[in-house]
Amino acid sequence: MRIDVVSIFPDYLAPLDLSLVGKARQTGLLDLRVHDLRDWTTDRHRTVDDTPFGGGAGMVMRPDVWGRALDDVLEEGAHLIVPTPSGEPFTQRHAERLAQEQHLVLACGRYEGIDARVAEHYRSHGQVTELSIGDYVLNGGEVAALVVVEAVARLLPGVVGNPASLVEESHGAAGLLEYPVYTKPPVWDGLEVPDVLLSGHHARIARWRRDTALVRTAQRRPDLVAALDPADLDAQDLRV
Ligand code: ADE
């Protein structure tokens with residue numbers, strides 16, 4: 001997969017050289033390119049923003065600079081992602097769909113955002129999705145771009161060493177948060193690992209994990225429980 005990220009702070013994306021995403025880049029599973037938006041400015045000051053029409057505080061990113069950048073970077077068939085607090089809430093379902101694409105381009109806005117005509121213009125050329133990573137406001141789209149790239153890249157075949165670890169995690173197919181996990185030592189600070197996990201009884205372990213996942217989800221994310229398909233619940237679930 002190819003991913004291009006355009007930002008006025010390309011150094012913000014440096015963590016993408018680390019860990020599993022960094023390794024995926026080195027091995028060629030991921031062709032990730034980071035660009036400086038200012039390379040597409042034409043004035044001496046390398047200006048990317050201006051005051052908002054209609055007045056108000058802050059600055060807006062100019063569509064002409066973004067247009068030149070995206071005309072160069074967005075190839076035919078690429079999907080443009082614009083991180084913004086006013087976007088659709090980014091979920092694991094988006095990550096799964098985006099991981100199927102050949103080419104993503106992330107346009108990181110700063111200040112009060114990017115002139116709205118940019119998303120409108122590229123919608124008539126291809127797919128454009130404005131995504132929010134949560135109901136809070138960051139200083140720009142870079143941190144959100146890191147989130148989207150990591151969530152997508154780890155789903156590419158070969159990026160996570162053991163694909164089985166993707167199966168039971170939070171926000172997976174079961175629609176539940178993940179059950180609590182434990183490792184050695186079996187007693188730490190007077191706290192014991194639940195007996196069932198030491199029992200070697202696979203069916204009982206699976207039941208315990210499902211029960212704790214259900215309780216945890218009901219406590220922390222009642223919205224996810226409400227969204228469960230009753231057909232996916234078994235008689236034991238209903239007891240919990
Ligand atoms: N840019 C600023 N805040 C953001 C958010 N919550 N999600 C995505 N992009 C953003």
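# Reading the labels on a predicted chain

Visitor: What places Thr217 in a helix, and in which one?
Guide: Thr217 belongs to helix H6, which covers residues 202-220, where helices are DSSP runs of H or I with at least four residues, strands are runs of E with at least two, and both are numbered from the N terminus. This is a predicted model, in which local features need pLDDT of at least 70, side-chain atom pairs count only at pLDDT 80 or more, and totals for chains, interfaces and linings use all residues. Residues are numbered from 1 along each chain as its sequence is written.

Visitor: Why is Thr217 called buried?
Guide: A residue is buried if 20 or more other C-beta atoms, placed from the backbone, lie within 10 Å of its own, exposed if 12 or fewer do, and partly exposed in between. Thr217 has 21 C-beta neighbours inside 10 Å, and therefore counts as buried.

Visitor: Which residues is Thr217 in contact with, leaving aside its neighbours within four places in sequence?
Guide: They are Leu176, Leu177, Leu224 and Val225, a contact being two C-beta atoms, placed from the backbone, that lie within 7 Å. As for Ser170, which is 47 residues apart from Thr217 along the chain, the C-alpha atoms of the two are separated by 9.6 Å.

Visitor: Why does Leu20 count as partly exposed?
Guide: Leu20, in helix H1 (residues 19-26), has 16 C-beta neighbours inside 10 Å, so the label for Leu20 is partly exposed. With its neighbours within four places in sequence left aside, Leu20 is in contact with Arg154, Val159 and Val160, while Ser7, 13 residues apart from Leu20 in sequence, is 22 Å apart from Leu20 in space, C-alpha to C-alpha.

Visitor: What makes a residue part of the shell around the ligand, and which strand gives the most to that shell?
Guide: The criterion is that the C-beta atom of the residue, placed from the backbone, lies within 6 Å of the molecule. Strand S5 (residues 79-89) gives the most, with three residues, and the residues around the ligand include Pro83, Thr84, Pro85 and Ser132.

Visitor: How do the residues of that shell divide into nonpolar, polar and charged?
Guide: Ala, Val, Leu, Ile, Met, Phe, Trp, Tyr, Cys and Pro count as nonpolar, Asp, Glu, Lys and Arg as charged, and the others, Gly among them, as polar; on that basis the shell has seven nonpolar, five polar and no charged residues.

Visitor: What are the domains of the chain, and how many Å separate their centres?
Guide: The chain is divided into domain 1 (2-153) and domain 2 (168-239), with bounds that come from an automatic or database domain assignment, and their centres, taken over C-alpha atoms, are separated by 36 Å.
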